[in-house]
Structure formats: C-alpha cells, structure tokens
Amino acid sequence: MIQGDPVRHRTAGWTGTVAETPSKLANHAWVNPDSSSDPYPQMVLLTDLEPAE
C-alpha cells in the first residue's frame, strides 16, 4: 500500500485514496475518503482496509 492507492474500508464500505505511504512498522494508514469534503485525511487501521478495484 503506497500513496495514491485506491482503498475500500472493509466494514464501513466507503472508498478513498491513501494520503501517505505507511511506514513498515505502522498499523494504520492516512486515507482521504472519496465522499468527504474534509481536507484532512483520516487515520484508518490497515486491518480495516482492502484494495479497491
């Protein structure tokens, strides 16, 4: 998972784009949800994310 990758939240179902490439030790990623007008990314656990098709 790298910056710019499209992702989907496993349980909530929303899609977004990875805002910043997570470090190897990180358990979370910063994601910009597609449906959000908020300019700031949300912190989401990596276990809650899957690649969007």
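Select R8, which is partly exposed with a relative accessible area of 28%. A word before we go further: this is a predicted model.

R8 and E50 form a salt bridge, and their closest N and O atoms are 3.8 Å apart. R8 sits in strand β1 and E50 in strand β5, so this pair ties together parts that are 42 residues apart in sequence. E50 is partly exposed too, at a relative accessible area of 24%.

Next, show R10. R10 also forms a salt bridge with E50, here with the closest N and O atoms 3.2 Å apart. Because R10 lies in the loop between β1 and β2 while E50 lies in strand β5, the pair ties together parts 40 residues apart in sequence. R10 counts as partly exposed, at 48% relative accessibility. Through shared partners, the salt bridges join R8, R10 and E50 into one network. A search of the whole structure finds 2 salt bridges.

**Second stop: the strands around R8**

In β5, the bridge partner of R8 is E50, and 3 bridges join the antiparallel strands β1 and β5. Turn to β2, where T15 stands opposite R8. Select residues 6-9 for β1 and 15-20 for β2: these strands pair in the antiparallel sense over 3 bridges. Together they form a hairpin with 5 residues between the strands, and G13 in the turn has a positive phi of about 85°.

Move on to residues 28-33, strand β3, which pairs antiparallel with β2 over 4 bridges. To find your place there, look for T17 and its bridge partner in β3, N32.

Zoom out and colour the strands. In what order do the 5 strands lie in the open sheet? The order is β4-β3-β2-β1-β5, with antiparallel pairing. At the edges are β4 (42-45) and β5 (49-51), each pairing on one side only. Neighbouring strands of this sheet are turned by 50° against each other on average, direction ignored.

**Last stop: the nonpolar core**

Select V7, V18, A29, V31, V44 and L49, the 6 residues of the largest nonpolar core. In soluble globular proteins, nonpolar side chains tend to be buried together.

Note on methods
Residues are numbered from 1 along each chain as its sequence is written. This is a predicted model: local features need pLDDT of at least 70, side-chain atom pairs count only at pLDDT 80 or more; totals for chains, interfaces and linings use all residues. Side-chain values use heavy atoms; hydrogens and water are left out. Two strands pair if DSSP finds at least two bridges between them. Helices (H or I, at least four residues) and strands (E, at least two) are DSSP runs, numbered from the N terminus. Axes are lines fitted to C-alpha atoms, for helices over the stretch in contact, and angles run from 0 to 180 degrees between N-to-C directions. A nonpolar core is a set of buried Ala, Val, Leu, Ile, Met, Phe, Trp, Tyr and Cys residues joined through side-chain atoms within 4.5 Å. Buried means under 20% relative accessible area, exposed over 50%, partly exposed in between (1.4 Å probe, protein chains only). A salt bridge is a side-chain nitrogen of Lys or Arg within 4 Å of a carboxyl oxygen of Asp or Glu.
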